[in-house]
Amino acid sequence: MRELVIGYWRKRNKFHFVPFSIGVVYLWFGALKFFSGLSPAEELAKSTIDKLTLGLLPSEFSIVLLAFWETLIGVLLIANILEKPALKMALVHITLTFSPFLFFSEALFAEAPFALTLLGQYIIKNVIILGVLLVLLRESKKRQF
């Protein structure tokens with residue numbers, strides 16, 4: 001019986017390092033946004049949310065809302081709780097991080113289409129996170145009992 005319990009636990013938690021590490025990134029980047037001027041993406045995030053919401057949210061409120069959303073995702077992934085909702089929240093978030101390419105491409109490219117600015121590189125690395133989130137979500141569906 002002990003071997004069955006240990007085997008189940010190992011099978012259930014073998015990939016937790018991956019969501020844990022993504023959770024750390026979310027928690028860190030989200031926490032920075034609670035403090036004005038610390039996040040290198042703060043102004044771009046405010047401008048993007050302004051475009052996406054048609055200016056309905058004040059920028060000071062929208063950045064706090066984003067900070068809360070990102071830190072919540074981070075805490076849920078680190079704690080390994082509410083995995084599927086956390087992954088879905090992260091997928092929505094990470095997909096929206098690409099919207100500045102539609103609205104502010106001049107700030108993201110030094111020489112279009114390949115030479116990204118540092119801000120553009122900051123966003124394009126999310127392709128990796130997007131791919132990992134999709135795999136994790138697929139794996140979470142397989143583990144349902």
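Trainee: What makes Glu 42, Glu 43, Lys 46 and Glu 60 a network of salt bridges?

Mentor: Good place to start! Keep in mind that this is a predicted model. Glu 42, Glu 43, Lys 46 and Glu 60 are linked by salt bridges. In general, side chains of opposite charge can pair when their charged atoms come close.

Trainee: How do you know that Glu 42 forms a salt bridge with Lys 46?

Mentor: Set the distance against the cut-off. A salt bridge needs a Lys or Arg side-chain nitrogen within 4 Å of a carboxyl oxygen of Asp or Glu. For Glu 42 and Lys 46, the closest N and O atoms are 3.2 Å apart, so the pair counts as a salt bridge. Both belong to helix H3, and being 4 residues apart, they are separated by about one helical turn.

Trainee: And what makes Glu 60 a partner of Lys 46?

Mentor: Their closest N and O atoms are 2.9 Å apart, and the limit is 4 Å, so this is a salt bridge too. Glu 60 lies in helix H4 and Lys 46 in helix H3, so the pair ties together parts that are 14 residues apart in sequence.

Trainee: Why is Lys 46 called buried, while Glu 60 is called partly exposed?

Mentor: Buried means under 20% relative accessible area, exposed means over 50%, and partly exposed is in between. Lys 46 has 9%, so it is buried. Glu 60 has 49%, so it is partly exposed. Glu 42, at 4%, also counts as buried.

Trainee: How many salt bridges are there in the whole structure?

Mentor: A search finds 4. One of them joins Lys 33 and Glu 70, with closest N and O atoms 2.9 Å apart. Lys 33 sits in the loop between H2 and H3 and Glu 70 in helix H4, so this pair ties together parts 37 residues apart in sequence. Lys 33, at 6% relative accessibility, is buried, and Glu 70, at 5%, is buried as well.

Trainee: Where else does Glu 70 turn up?

Mentor: In the lining of the largest pocket, where Ala 45, Leu 66, Glu 70, His 93 and Thr 97 lie nearest the centre. That pocket holds about 510 Å³ of space. Its lining has 18 nonpolar, 7 polar and 3 charged residues.

Trainee: Which residues form the nonpolar patch on the surface?

Mentor: Phe 34, Phe 35, Leu 38, Val 64, Phe 68 and Leu 72, with about 560 Å² of accessible area together. Leu 38 lies in the loop between H2 and H3.

Definitions and conventions: Residues are numbered from 1 along each chain as its sequence is written. This is a predicted model: local features need pLDDT of at least 70, side-chain atom pairs count only at pLDDT 80 or more; totals for chains, interfaces and linings use all residues. Side-chain values use heavy atoms; hydrogens and water are left out. On a 1 Å grid over the protein atoms alone, a cavity is a set of points where a 1.4 Å probe fits but cannot get out, and a pocket is an open set with protein on both sides within 12 Å along at least five of seven lines; lining residues have an atom within 4 Å of a point. Grid points are joined across faces, edges and corners, and a volume is the space filled by probe spheres set on the points. Ala, Val, Leu, Ile, Met, Phe, Trp, Tyr, Cys and Pro count as nonpolar, Asp, Glu, Lys and Arg as charged, and the others, Gly among them, as polar. Patches are made of residues with over 30% relative accessible area and no salt bridge: like charges are joined within 9 Å, nonpolar side chains (Val, Leu, Ile, Met, Phe, Trp, Tyr) within 5 Å. Accessible areas come from the Shrake-Rupley method with a 1.4 Å probe; for residues, only the protein chains shown count as cover. Helices (H or I, at least four residues) and strands (E, at least two) are DSSP runs, numbered from the N terminus. Buried means under 20% relative accessible area, exposed over 50%, partly exposed in between (1.4 Å probe, protein chains only).
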